[in-house]
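Thanks for passing this one along. Here are my notes as numbered points, to be read with the model open beside them.

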Amino acid sequence: MSHAMMALITEDENDEPVAPCYRIRIEDFIVTLSIGAYKHERGRPQRVRIDLEMAIDQDVTAIADRLSAVVSYDGLLDRIERMASSRHINLLETLALEVADICFADARVRRVAVSVKKLDIFDGRAVPGIWLDLARPGSPGAAPRR
């Protein structure tokens, strides 16, 4: 086994080896969209900051420096912007779930953590937000189905 491969193999919570993966992190992605559950928020676009991290179920040592072989974060940002501009969204939770769905559209994405925060509300007194950590059903760390 190569040294690069050994660096990619991680251990789960039971110290058992798991398949190699890598992570993509996107930070400080600002999207302006119609969001909010209150009447005064409709028709008044707000800035939302999105941070996300994806665990990619892929051996990064086998990509051979080819863009076509990896999850494209550029395409991901375009899909998130299209979704965000398509309609009004009431809840940050809904936005975060839809961002996660976009990430999970690529079968190599094993886990997604998404943070969304409203930047322009409460006159700067606070920045409300939520954080979701979701795993693809059947992947390591996923909750059993009910």
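1. Helix H2 passes helix H3 in a right-handed crossing. Please keep in mind that this is a predicted model. H2 covers residues 73-84 and H3 covers residues 92-104. Their axes come within 10 Å and cross at roughly 140°. That angle makes H2 oblique to H3, because the roughly antiparallel class takes in angles over 145 degrees.

2. Which residues of H2 meet H3? On the H2 side they are Leu76, Arg79, Ile80 and Met83. Their partners in H3 are Leu95, Glu98, Val99, Ile102 and Cys103.

3. Is phenylalanine 29 buried or exposed? Its relative accessible area is 11%, and the cut-off for buried is under 20%, so phenylalanine 29 is buried. For a distance to check, take phenylalanine 29 and leucine 52: they are 23 residues apart in sequence, and their C-alpha atoms are 9.0 Å apart in space.

4. A word on the cysteines. Cysteine 103, named above on the H3 side of the helix pair, has 2% relative accessibility and therefore counts as buried. Cysteine 21 is buried too, with a relative accessible area of 14%. The count of disulfides comes to zero, where a pair of cysteine sulfur atoms within 2.5 Å would be needed.

5. Stepping back to the whole chain, the secondary structure comes to three helices and four strands. From the N terminus on, the elements run α-β-β-α-α-β-β. Among contacts with a separation of 6 or more, 62% join residues 24 or more positions apart.

6. Finally, the surface. Of the 146 residues in the protein chain, 38% are buried. The chain exposes about 9100 Å², and carbon and sulfur atoms supply 52% of that area.

Conventions:
Residues are numbered from 1 along each chain as its sequence is written. This is a predicted model: local features need pLDDT of at least 70, side-chain atom pairs count only at pLDDT 80 or more; totals for chains, interfaces and linings use all residues. Side-chain values use heavy atoms; hydrogens and water are left out. Buried means under 20% relative accessible area, exposed over 50%, partly exposed in between (1.4 Å probe, protein chains only). Helices (H or I, at least four residues) and strands (E, at least two) are DSSP runs, numbered from the N terminus. Contact means heavy atoms within 4.5 Å. Accessible areas come from the Shrake-Rupley method with a 1.4 Å probe; for residues, only the protein chains shown count as cover. Axes are lines fitted to C-alpha atoms, for helices over the stretch in contact, and angles run from 0 to 180 degrees between N-to-C directions. Angles under 35 degrees count as roughly parallel, over 145 as roughly antiparallel, 65 to 115 as roughly perpendicular and the rest as oblique. A crossing is left-handed if the near helix is turned anticlockwise from the far one by less than a right angle, and right-handed if clockwise.
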